[in-house]
Amino acid sequence: MSETFQAVSASSEGDYLLLAIETSCDETSVAVVRNGREVLSNIISSQIETHKQFGGVVPEIASRKHVESITLILEEALREAKVELEDIDAVAVTQGPGLIGALLVGVIAAKSLALALDVPLIGTHHIAGHIYANHLIGDIVYPSIALVVSGGHTEIVLLEEEGKFRIIGRTRDDAVGEAYDKVARALQFPYPGGPCVDRLAQEAAEEIVLPRSWLEQDSYDFSFSGLKSAVLSEINRSRMKGESPDFSALARGFQQSVIDVVTGKAIRAAKEFGAKQMLLCGGVAANRGLRERLSSLCEEAGVPLLIPPNKLCTDNAAMIAAAADLKWRRGQYSSLDLKAEPILSLEEWSV
Ligand code: KG4
Ligand code: ZN
């Protein structure tokens, strides 16, 4: 990653405004954030209705939609924040990981703004954004463990200190949100079906018990593809017997298996690394069952838990500003040859 380092921290000059852009997948979002934590605006334009008819995100369509909306969303973000472009002190943008065509739209917009306004550009890691969304709602205490659960990622991240990321566990196949969406499709829900499976699981009277994928005893990694196959096999088995599958019992079985494993591993990590705080983040952090279970396990373990409100859990630009602030305060800026990176290491992005 190309970065230029400046010796003087920009934070010494008082109030500052970061403008952040997020276009890594199917949300076009622009935010204006004061002093890294105070969200003045966070405009999100979702493309879900467009992608729904295809059962998932179509990358080429996502890029075109970002091009159509980026300028409008930028104007709206400035209007809502009641600021002018000239008031902006730095421009942050999701550099990766994500869909290359989608990322490019945001990166080009951010570079143009930074150049025209003559302010620093800060290339930002999408997952650092999900994690630091928590900094918009509370103080982060280190060491902390972040449980990242989204449509594209499932990771347990150790933060020994501010801005230092160490991935101690990751999925070996599907991300948890991806597994939710695939199971939802089998249960005949439209994309993205995660919230529908969550609702059905909450309402279910019965549960079909499904396997738990713990992997090796000391591993913090995850695997969800076997669980997804178990749901599909149960549906096939019922149909072969001429019965209609019990979708709600299956949704509950799936959800319980996911929750047992992700919360079990996150709590074990918190204990092993002496975490003073647990941070839940990513789109699946909106899951009610997951929030409730993690809250009670954290309480039992004496580890305070932060969970952002739903709007800050799913993709949004305010979280990108919150992560970019780590670099802004250290004067670590990107150069104007910044590239969109579909694969980008979180650990290397550390401050
Ligand atoms: O973080 P996000 O907005 O996008 C990525 O960066 O991937 O996460 C979107 C994912 C989708 O897979 C969606 O189905 C899932 O989050 N999701 C949920 C819930 N709400 C959103 N999954 C389970 N339960 C929910 N309540
Ligand atoms: Zn995301």
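Modeller: Let's start with Glu-216 and Arg-172, whose side chains meet in a salt bridge, with N and O 2.8 Å apart. This pair connects distant parts of the chain, 44 residues apart: Glu-216 is in the loop between H6 and helix H7 (225-240), and Arg-172 is in the loop between S9 and H5. Please keep in mind that this is a predicted model, in which local features need pLDDT of at least 70 and side-chain atom pairs count only at pLDDT 80 or more, while totals for chains, interfaces and linings use all residues. Residues are numbered from 1 along each chain as its sequence is written, chains are lettered from A and ligands numbered from 1 in the order in which they are written, and side-chain values use heavy atoms, leaving out hydrogens and water.

Colleague: What makes the Glu-216 and Arg-172 pair a salt bridge?

Modeller: The term asks for a side-chain nitrogen of Lys or Arg within 4 Å of a carboxyl oxygen of Asp or Glu. Glu-216 and Arg-172 have N and O at 2.8 Å, so the pair qualifies. The structure holds 17 salt bridges.

Colleague: Why is Glu-216 called partly exposed?

Modeller: Its relative accessible area is 41%. Buried means under 20%, exposed over 50%, and partly exposed in between (1.4 Å probe, protein chains only). Glu-216 therefore counts as partly exposed, and Arg-172, at 44%, does too.

Colleague: Which salt bridge sits within a helix?

Modeller: Arg-64 and Glu-60 meet in a salt bridge at 3.0 Å, N to O. They lie in helix H2 (residues 59-81), 4 residues apart, about one turn of the helix. Helices here are DSSP runs (H or I, at least four residues), strands are runs of E of at least two, and the numbering starts at the N terminus.

Colleague: How do you know whether Arg-64 is buried or exposed?

Modeller: Arg-64 has 53% relative accessibility, so it counts as exposed. Glu-60 has 47%, so it is partly exposed.

Colleague: What about Leu-250: buried or exposed?

Modeller: Leu-250, found in helix H8, has 1% relative accessibility and therefore counts as buried. Leu-250 touches Leu-187, Ile-208, Leu-210, Val-231, Glu-234 and Ile-235, not counting residues up to four places away in sequence; a contact means heavy atoms within 4.5 Å.

Colleague: Why is H5 called roughly antiparallel to H8?

Modeller: Helix H5 (residues 176-186) and helix H8 (residues 247-272) pack at about 170°, with their axes 11 Å apart. That makes H5 roughly antiparallel to H8, since angles over 145 degrees count as roughly antiparallel, under 35 as roughly parallel, 65 to 115 as roughly perpendicular and the rest as oblique. The axes are lines fitted to C-alpha atoms, for helices over the stretch in contact, and angles run from 0 to 180 degrees between N-to-C directions. Among the residues that meet are Val-176 and Tyr-180 in H5 and Phe-254 and Val-258 in H8.

Colleague: What makes Ile-100, Leu-104 and Ile-108 a nonpolar patch?

Modeller: Patches take residues with over 30% relative accessible area and no salt bridge, joining like charges within 9 Å and nonpolar side chains (Val, Leu, Ile, Met, Phe, Trp, Tyr) within 5 Å. Ile-100, in helix H3 (residues 100-117), has 42%, so it passes the accessibility test. Together the three have about 260 Å² of accessible area, from the Shrake-Rupley method with a 1.4 Å probe, where for residues only the protein chains shown count as cover.
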